[in-house]
Amino acid sequence: GRPRTGWLALYLLGLRATCPPPSPQRSLVTWLKYYLEEDWTGSRQHGHPLTSYYQYGLGVLALCVHHKRVREEVIRRLLTAQQHGRLGHGLNAVDTEAVVALAFTCLGQRRLVGARLVAELRAATSRASRSMAEAQGPDGVIGNIYSTPWALQVFLATGTCQTEPAFGQAMAALLDNLDAFGTAATMAQVLPVLHGRSYLDVASVHCREEPDTLTPMDMEPPTEVLGNKTVQLVVECPLPWCFQLRLYDRPVSVPAGASLLDVLRAAAAQEPHGFTFDIQDTPQGPFLTQVLGLEARQQKRNYWQLLTAPSTPLQMGVADYRPHDGETLILSLSEW
């Protein structure tokens, strides 16, 4: 299977924050270095990582936070991708740009690379900051609500939070949408920002001074929503090489509390040979990769865009978005 670069990187970042004994970290750091190499060499023919630039950037960031040197070739892969606009599509590029910018900032601050490369990394981080500021919408959100904490971490890590107008507007938008952060992965992204910190601050934690304040938390189960709802599921392929625009258009009945992922599963169950889809697990949750046999491929610069009719992009992933009764959801194979 694919290297689990992103998962191990996030685990190592969390491990560093909890001040564990050093021995278990050493072997995991070695595995992460191995995954970074496997991630690239396994897909060298395509010129991009087997997983994604997001996970690849997370891997570099985690190694830096653990004060480990990264080969210059590994760093330059990210630099080249950023310079040529290969880090993602549309609004979804913001989190990847931010993760890569945090990795570059960490490498420069920790002096884990030479002076010449530090200058290139700073220039790349400045480009990323400008790009994120330009991606801010009128509501203050940068990219989407889940990429906004990543962008804010970049402004905090680079010290531009006091001078960048986008920072205050994005923070206000974040505070207005805290209910959207209900999973462990999304909460881990937003909590440092609420304390005026970024993931880079994990590198300078003085573990001997940290009190043991972790206590078990009683979590109440979510309130069960009774009844059913009907969602109209539409699949479109507006690309020139598709034989027709609308490939699927059916009502799907699901429980009232069902997510979009539940809708897709119900559609596949009610029409085993009429509707098919595949997902890929990522650190941010399931990512839709194939619908009705049409696969979204990074090398072809296309992806499955999630819309609510008539044309509003969803701000959540397939596992988090919960459509309302009578809503029309559109899966559109789009280019970036």
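Predicted model: local features only at pLDDT ≥ 70, side-chain atom pairs only at ≥ 80, totals over all residues.

Reader: Start with helix 5 and helix 7. How do their axes cross, and within what distance do they come?
Author: The axes of helix 5 (residues 93-109) and helix 7 (residues 148-158) come within 8 Å. They cross at roughly 20°.

Reader: So what is their orientation, parallel or antiparallel?
Author: Angles under 35 degrees count as roughly parallel, so helix 5 and helix 7 are roughly parallel to each other.

Reader: And the hand of that crossing, left or right?
Author: Helix 5 passes helix 7 in a left-handed crossing.

Reader: Which residues make the contact?
Author: From helix 5, Val94, Asp95, Ala98, Val99, Ala101, Leu102, Thr105 and Gln109. Helix 7 brings Trp150, Ala151, Gln153, Val154, Ala157 and Thr158.

Reader: How do those divide by class?
Author: The contact of helix 5 with helix 7 has nine nonpolar residues, four polar and one charged.

Reader: Now helix 6 against helix 7. What are the numbers?
Author: The axes of helix 6 (residues 115-134) and helix 7 come within 10 Å, with a crossing angle of roughly 135°. That angle makes helix 6 oblique to helix 7. The crossing of helix 6 and helix 7 is left-handed.

Reader: Which residues are in contact there?
Author: Thr125, Ser129 and Met132 on helix 6, with Ala151, Val154, Phe155 and Thr158 on helix 7. By class, the contact of helix 6 with helix 7 has four nonpolar and three polar residues, and no charged ones.

Reader: Take serine 129 from that list. Buried or exposed?
Author: Serine 129 is in helix 6. Its relative accessibility is 12%, so serine 129 counts as buried; the cut-off for buried is under 20%.

Reader: What does serine 129 touch?
Author: Val154 and Phe155, if residues up to four places away in sequence are not counted.

Reader: Change of topic: how many disulfides?
Author: The count comes to one disulfide. Cysteine 64 and cysteine 106 form that disulfide, with their sulfur atoms 2.0 Å apart.

Reader: Where do the two cysteines sit, and what does the pair tie together?
Author: Cysteine 64 lies in helix 3 (residues 53-65) and cysteine 106 in helix 5, so the pair ties together parts 42 residues apart in sequence.

Reader: What is the hand of the link between cysteine 64 and cysteine 106?
Author: Left-handed, with -95° about the S-S bond.

Reader: Are those cysteines buried or exposed?
Author: Cysteine 64 is buried, at a relative accessible area of 0%. Cysteine 106 counts as buried too, with 2% relative accessibility.

Reader: And cysteine 161, buried or exposed?
Author: Cysteine 161 has 16% relative accessibility and therefore counts as buried.

Reader: Last one, glutamate 295. Where is it?
Author: Glutamate 295 is found in strand 5 (residues 294-295). With a relative accessible area of 40%, glutamate 295 is partly exposed.

Reader: What is glutamate 295 in contact with?
Author: Thr289, Gln290 and Asn302, leaving aside neighbours within four places in sequence.

Reader: What separates the C-alpha atoms of glutamate 295 and phenylalanine 277?
Author: Those C-alpha atoms are separated by 9.1 Å, and glutamate 295 and phenylalanine 277 are 18 residues apart along the chain.

Definitions and conventions: Residues numbered from 1 in each chain as written. Heavy atoms only, no water. Axes fitted to C-alpha atoms, helices over the stretch in contact; angles between N-to-C directions. Helix = DSSP H or I, 4+ residues; strand = E, 2+ residues; numbered from the N terminus. Parallel < 35°, antiparallel > 145°, perpendicular 65-115°, else oblique. Left-handed = near helix turned anticlockwise from the far one by under 90°. Contact = heavy atoms within 4.5 Å. Nonpolar A, V, L, I, M, F, W, Y, C, P; charged D, E, K, R; others polar. Disulfide = S-S within 2.5 Å. Buried < 20%, exposed > 50% of the residue type's maximum accessible area, 1.4 Å probe, protein only.
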